[in-house]
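This briefing is for a reader who is meeting the structure for the first time. Please look over the sequence and the structure before reading the points below.

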Number of protein chains: 2
Amino acid sequence: MPKTPLRGNALVIQSGGPTAVINQSLAGIMSAAGDYTDVIANVFGAVHGLHGLLHENFWNLSHEAPFTWQDIANSPGAALGSARIKPKSTDLERIFKVFTAHNVKFLLYNGGNDSAEAAQLIRAEANNRNYEIQILHVPKTIDNDLMVTDHCPGYGSVAKVVSHIVAGDDLDNRSFYNGIKINVCMGRHAGWIAAATALAQKGLAGNQDPELAAPHLIYLPETPFTEQKFLDDVQNCYDKIGRVTLVVAEGLADVINNHKFAGETDEFGNAQLSGSGGLGDYLSSLVKQKLKVKSSLGKLRVRSDTWGYLQRCLPSMTSPTDQAEAFWVGAMAVRYLMQGESDKMVTLVRNMTGGYHCETGLCDLTLVAQKTKLMPKSMINSTYNGVTQEFLDYVAPLAATLPITRWIQGHSVNKKLEMFARLD
Amino acid sequence: MPKTPLRGNALVIQSGGPTAVINQSLAGIMSAAGDYTDVIANVFGAVHGLHGLLHENFWNLSHEAPFTWQDIANSPGAALGSARIKPKSTDLERIFKVFTAHNVKFLLYNGGNDSAEAAQLIRAEANNRNYEIQILHVPKTIDNDLMVTDHCPGYGSVAKVVSHIVAGDDLDNRSFYNGIKINVCMGRHAGWIAAATALAQKGLAGNQDPELAAPHLIYLPETPFTEQKFLDDVQNCYDKIGRVTLVVAEGLADVINNHKFAGETDEFGNAQLSGSGGLGDYLSSLVKQKLKVKSSLGKLRVRSDTWGYLQRCLPSMTSPTDQAEAFWVGAMAVRYLMQGESDKMVTLVRNMTGGYHCETGLCDLTLVAQKTKLMPKSMINSTYNGVTQEFLDYVAPLAATLPITRWIQGHSVNKKLEMFARLD
């Protein structure tokens, strides 16, 4: 039975790292809120998340020109401005002064597990103060590490970006003899993004030998990592196919050399990993020093790239499925508020009847806050350097299709001369 | 008057760094060669460029299944395998033994100014030996630094990729307060790639203040660079709009600290710049240490990304114009051979009658070999940190259109409370 919703203004907060589709959720909220103007008088956006809430910096989103929402939705980045702080106990009184002054009765917190925790803190204080407010958490993270939900809006697009990058990168690497290419992607605790690069293995058409398809090795934060095991893997792969295109999650920096590559630390205690080429450069040096080259042609070519922020904000590479689902969880959050729901996160529930589609659901915030969903063992291969078919079946519908690429078959011309000596 | 072509086999060499469309030129060669099988018996591909020629490693490309060429053409990377060596004097005898053994009468050298030099060396030796051969150079380089031709196949696609990256990256940066984002792109001597990011300024819809559009600063190898000027520019931009999204060409590493960030050196004497995050990390540290933050919100957020190889090999971001032109210069090279032409490079000649299109032409190899076309002064702004409208008019038709992005207009809600103290 639907409960009766409160009446008043709604406040939307975008928090944490942006995604390519976070504004889709905002557009979904605005679209659905337009159906309930008798209950939700205005939708406010907190400018820069909790900063905006504390400093009373709100935009009245109901005053935006309606025709602009489609373009805003298609834009990466957090259009309200994001923040990476959480409420201190001394902030709570202020927050409720602001809620009271602006008659905020609905709070839509769009973020990850840190945001779910912030929503819980605000809920507890509301109970202390007997302030009536409905709070829903709208999931968002490229890391795909929220509990309960099948996957997180934002993940499908980054999965598409990284798999396309690897599909092209391996052909570039393959252009040279003796190529070892190390790629560092996002993902601190969970390897979902690194794992998604495995989709690139399916993009190479007419590939007689599936072992040739990149990425050849994938290293995830969930599995044990030693430099010796890494070097052995690279050597074995190189000896077998003459090149290696591999992917490591940036979280490996936490494992190797005790945070040697980490930069600043944010308020949640997380060291900055992105925005630095340190891990890639380190692994590149390691391979250059230790790998034994058996080829007769030229010296070992070792390169590393750290893909950085473009993974989450490349506008023309967004997954259409991800866009649609991000819009939908925003719109459904408003619908759930109108049914009187509160203190929950909107979830995506996979239903494979008749092919992939998702429905939405709800789960308690307590199941999500401060928790991290790591990749299950069943999705990681037994040698800790790749994924299983179960993972590929999971991720394929979330990303978009790969471009078809093809290499030359190669019909060798019979040699007619003696060998030639130059070997560089 | 068309001259009479020789008769025999053709050899194709792909040389230097691959592009997203180098295989389009190969497909163009194969397509056109199919019309002249009475003159060109077989088209051979040298596997890994000059290595393949010296070691007699050829593929007979005429035996590839015709239906595969479209997929090969759409694949980034050099499908024949590339190389970064040039012929030594001791190699020349061998090269002509191989030509004789395989009846090579047509050489198609697909590469940059180093390849044009290699083609010249081979021509000189052919004259010494009275070996009849027709040689044409097919232009290819993401760097866009070949003389005479209006632009180089490969450049339009990288221009598209980097402008899309910046369009999204600035919205990501804008999500945070106090953001300084440093991006390092390819380009050693010439700034054509860095300059192309300026296209992103046109993608932001409904942007009332053009000064807000990124990239806010662009640094090119063609102009003087000092750390103090750089810091002053960043400070001024930051003070004006509260964030900075900037682009530097990797060639700046050659200017700053005397090659401090350079890695290996190739046979042409060029130090490796890509595949390392060194320059970005250095500039990031510099800004963190020196920039004076005036904002009341939080500490300065400085991040750097080095885009790396994906700039030249992202399969789904190729410019359709670049694809078509790359195919065409390959096909026209064969047509020119059939007209008896030799010792020339195929050029693109811009004709703006009735809108942008290009015709092909020919120029002497001597005008191209070992020369680098830098950006002219008329395309660089007077403060050495951006481009002019002349450059934007030049580059726009080569890249594809940008995605439309849009930020929230922002209708501020009136404040009702006193100021709040928390300022982080």
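The points below cover the interface between the chains, the nonpolar core and a few single residues.

The model is predicted. Chain A and chain B touch through 106 residues of chain A and 106 residues of chain B. Together the two chains bury about 8700 Å² between them.

**Interface between the chains**

- Carbon and sulfur atoms account for 56% of the area that chain A and chain B bury between them.
- Eight salt bridges are counted between chain A and chain B.
- There are also 42 residue pairs in polar contact across this interface, with both residues at pLDDT 80 or more.
- On the side of chain A that touches chain B, helix 6 (residues 155-174) of chain A gives the largest share, with seven residues.
- Sorted by class, that side of chain A holds 42 nonpolar, 36 polar and 28 charged residues.

- A salt bridge links B:Asp172 to A:Arg312, and their closest N and O atoms are 2.7 Å apart.
- The side chains of B:Arg312 and A:Asp172 are joined by a polar contact of 2.7 Å.
- B:Arg312 lies in the loop between strand 10 (301-306) and helix 11 (320-338) of chain B.
- B:Arg312 counts as buried because its relative accessible area is 5%, under the 20% cut-off.
- Leaving out residues up to four places away in sequence, B:Arg312 touches A:Asp172, A:Phe176 and A:Arg301 in chain A, and its contacts in chain B include B:Pro76, B:Arg84, B:Ile142 and B:Met186.

**Nonpolar core**

- In soluble globular proteins, nonpolar side chains tend to be buried together.
- The largest nonpolar core here has 134 residues.
- The members that touch the most other members are A:Tyr155, A:Phe230, A:Phe391, B:Tyr155, B:Phe230 and B:Phe391.
- Beyond residues up to four places away in sequence, A:Tyr155 touches a set of residues that includes A:Ile142, A:Trp192, A:Ile193, A:Phe391, A:Tyr394 and A:Leu398.
- A:Asn144 and A:Asp322 are also among the residues that A:Tyr155 touches.

**Asp150 of chain A**

- A:Asp150 sits in the loop between strand 5 (134-139) and helix 6 of chain A.
- With a relative accessibility of 17%, A:Asp150 is classed as buried, because the cut-off is under 20%.
- Apart from neighbours within four places in sequence, A:Asp150 is in contact with A:Leu348, A:Arg350, A:Lys373 and A:Tyr394.
- A:Tyr394 is also one of the residues that A:Tyr155 touches.

Technical notes
Residues are numbered from 1 along each chain as its sequence is written. Chains are lettered from A and ligands numbered from 1 in the order in which they are written. This is a predicted model: local features need pLDDT of at least 70, side-chain atom pairs count only at pLDDT 80 or more; totals for chains, interfaces and linings use all residues. Side-chain values use heavy atoms; hydrogens and water are left out. Contact means heavy atoms within 4.5 Å. Buried area is the accessible area (1.4 Å probe) that two parts lose on being put together, summed over both. A salt bridge is a side-chain nitrogen of Lys or Arg within 4 Å of a carboxyl oxygen of Asp or Glu. A polar contact is a pair of N or O atoms within 3.5 Å; within protein, one must be able to donate a hydrogen and the other to accept it, and residues adjacent in sequence count only if both atoms are side-chain atoms. Helices (H or I, at least four residues) and strands (E, at least two) are DSSP runs, numbered from the N terminus. Ala, Val, Leu, Ile, Met, Phe, Trp, Tyr, Cys and Pro count as nonpolar, Asp, Glu, Lys and Arg as charged, and the others, Gly among them, as polar. Buried means under 20% relative accessible area, exposed over 50%, partly exposed in between (1.4 Å probe, protein chains only). A nonpolar core is a set of buried Ala, Val, Leu, Ile, Met, Phe, Trp, Tyr and Cys residues joined through side-chain atoms within 4.5 Å.
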